[in-house]
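Here are my notes for when you open the model.

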Amino acid sequence: MKSGFISIAGLANAGKSTLINSLVGEKVAIVSWRPQTTRDRILGILNGDGYQIAFVDTPGMHKARNQLGEYMMKSVEVSLKDSDGVIYVIDAGRGVSSEDEKFLNEYTTKINVVVALNKEDAVIRETLFACLEKLGSFPAICAIVPISAKKGKNVDALKNEVVKILPEGVELFPEDMYTDKSMRFMTQEIIREKALYLLDKEIPYGIGVEVIKFELRDDKPIYDICADIVCEKESHKAIIIGKGGSMLKEIATQARIDIEEMVDSKVFLTLFVKVKTDWRQSEYIMKELGYNKKDLK
Ligand SMILES: Nc1nc2c(ncn2[C@@H]2O[C@H](COP(=O)(O)OP(=O)(O)OP(=O)(O)O)[C@@H](O)[C@H]2O)c(=O)[nH]1
Ligand SMILES: [Mg+2]
């Protein structure tokens, strides 16, 4: 049997989380059109014929500007160090950038790298060829596969290339497990995803979500869930709540639908909004929200 950890790395917004969901066939990571959506390492497990792959979604690479940013970059570094191979995702529309080249220069000689040239559906052939030509100057790349993570195109071909670089090993996780994250964590992420979609401009970057209650009722198959949306300013709080509570209601409604699908039963979701000034600079509050540097070992 073959098994191992494969990190999915790349610049912010390249489509890494979309890809891990498509590879695993379950929603394990949230997706949005905003860069820097993923903040943590997230595991998605795929069981195939004679192999098991633990894919690790990572935050998009960028220059860290606060403690949260530093945490995110550290988590990319840690996950690369621990993996058996890397899928490096490039947005074909954006082209092969100097940051991509820097990554490929540094890593292709150290670790097996398969490049996923993503968003193939959104570019013309010439653009794709230009990317392939640039990538041709990195002979140590194991394989280059143009894909559309969103449409599922060529994702199987990519999977096959990854199986080739997988080492011999034993089963790492039980067969019915598809992520290492708890339902509580996924609930936080789903609420954050809806807030990212629905809110304006800069507010989403300053949002954290903390589940404060997650209980299955004794008498009925209903989950009672309460969560705080943490933001940085009073003015942000007002926007998140919206006119007559309309925005918060919409976030809750959309999140509830996804959470119900995940837990496979009815959910009563109550959301609150709290202000914690500059929490992205505070290690203490970050820890409260689950971003603990000590976990990154
Ligand atoms: N057209 C097209 N869009 C895609 C494809 N894959 C992802 N996207 C879109 O690209 C945006 C970013 O996708 P994510 O999966 O969140 O990207 P990411 O690399 O995880 O981003 P960060 O977590 O912020 O680093 C979303 O709007 C996706 O719907 C694709 O194959 N084609
Ligand atoms: Mg992501």
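**Notes on the fold, the ligand shell and a few residues**

1. Let us begin with a helix on a sheet. Helix α2 (residues 67–81) lies across β1, β3 and β4 (85–91), and its direction is at about 150° to that of β1. Helix α3 (residues 98–107) also packs on the sheet, where it touches β4 and β5 (113–118) and makes an angle of about 165° with β4. Axes here are lines fitted to C-alpha atoms, for helices over the stretch in contact, and angles run from 0 to 180 degrees between N-to-C directions. Helices (H or I, at least four residues) and strands (E, at least two) are DSSP runs, numbered from the N terminus. Contact between two residues requires their C-beta atoms, placed from the backbone, to lie within 7 Å.

2. A word on provenance. This is a predicted model, in which local features need pLDDT of at least 70 and side-chain atom pairs count only at pLDDT 80 or more, while totals for chains, interfaces and linings use all residues. Residues are numbered from 1 along each chain as its sequence is written, and chains are lettered from A and ligands numbered from 1 in the order in which they are written.

3. The six-stranded sheet is open, with the order β2-β3-β1-β4-β5-β6 and mixed pairing. Its edge strands, each pairing on one side only, are β2 (42–48) and β6 (143–146). From one strand to the next, the twist averages 25°. Strands count as paired if DSSP finds at least two bridges between them. Strands β1 (residues 2–10) and β3 (residues 51–57) run parallel and are joined by seven bridges; isoleucine 6 has phenylalanine 55 in β3 as its bridge partner.

4. Now to the other sheet. Three strands make an open sheet with mixed pairing, in the order β7-β8-β9, and β7 and β9 are the edge strands, each pairing on one side only. The twist here averages 15° from one strand to the next. Helix α6 (residues 183–198) packs on this sheet, touching β7 and β8, with its direction at about 130° to that of β7. Helix α7 (residues 234–241) packs on the sheet too, touching β8 and β9 and making about 155° with β9.

5. How do β7 and β8 pair, and over how many bridges? Strand β7 (residues 208–216) is antiparallel to strand β8 (residues 222–231), with eight bridges between them. A hairpin of five residues joins β7 to β8.

6. Is leucine 289 buried or exposed? Leucine 289 is buried because 20 other C-beta atoms lie within 10 Å (buried means 20 or more such atoms within 10 Å of the residue's own C-beta, exposed 12 or fewer, and partly exposed in between, with C-beta atoms placed from the backbone). Leaving aside neighbours within four places in sequence, leucine 289 is in contact with Gly208, Glu210 and Val230.

7. The domain assignment of the protein chain, with bounds from an automatic or database assignment, gives domain 1 (2–165) and domain 2 (183–295). The C-alpha centres of domain 1 and domain 2 are 27 Å apart. Ten residues from domain 1 and 13 residues from domain 2 take part in the contact. On the side of domain 1 that touches domain 2, three residues are nonpolar, four polar and three charged. Ala, Val, Leu, Ile, Met, Phe, Trp, Tyr, Cys and Pro count as nonpolar, Asp, Glu, Lys and Arg as charged, and the others, Gly among them, as polar.

8. What surrounds ligand 1? The shell has 24 residues, and the closest are Gly15, Ser17, Thr38, Gly60 and Lys150; a residue belongs if its C-beta atom, placed from the backbone, lies within 6 Å of the molecule. Helix α1 (residues 16–24) gives the most to this shell, with three residues. By class, the shell has eight nonpolar, twelve polar and four charged residues.

9. Finally, two backbone angles to check. Most residues other than glycine have a negative phi. Asparagine 154, in the loop between β6 and α5 (155–165), has a positive phi of about 65°. Aspartate 264, in the loop between α8 (246–263) and β9 (266–275), has a positive phi near 60°. Asparagine 154 is partly exposed, with 19 other C-beta atoms within 10 Å, whereas aspartate 264 counts as exposed because it has 7 C-beta neighbours inside 10 Å.
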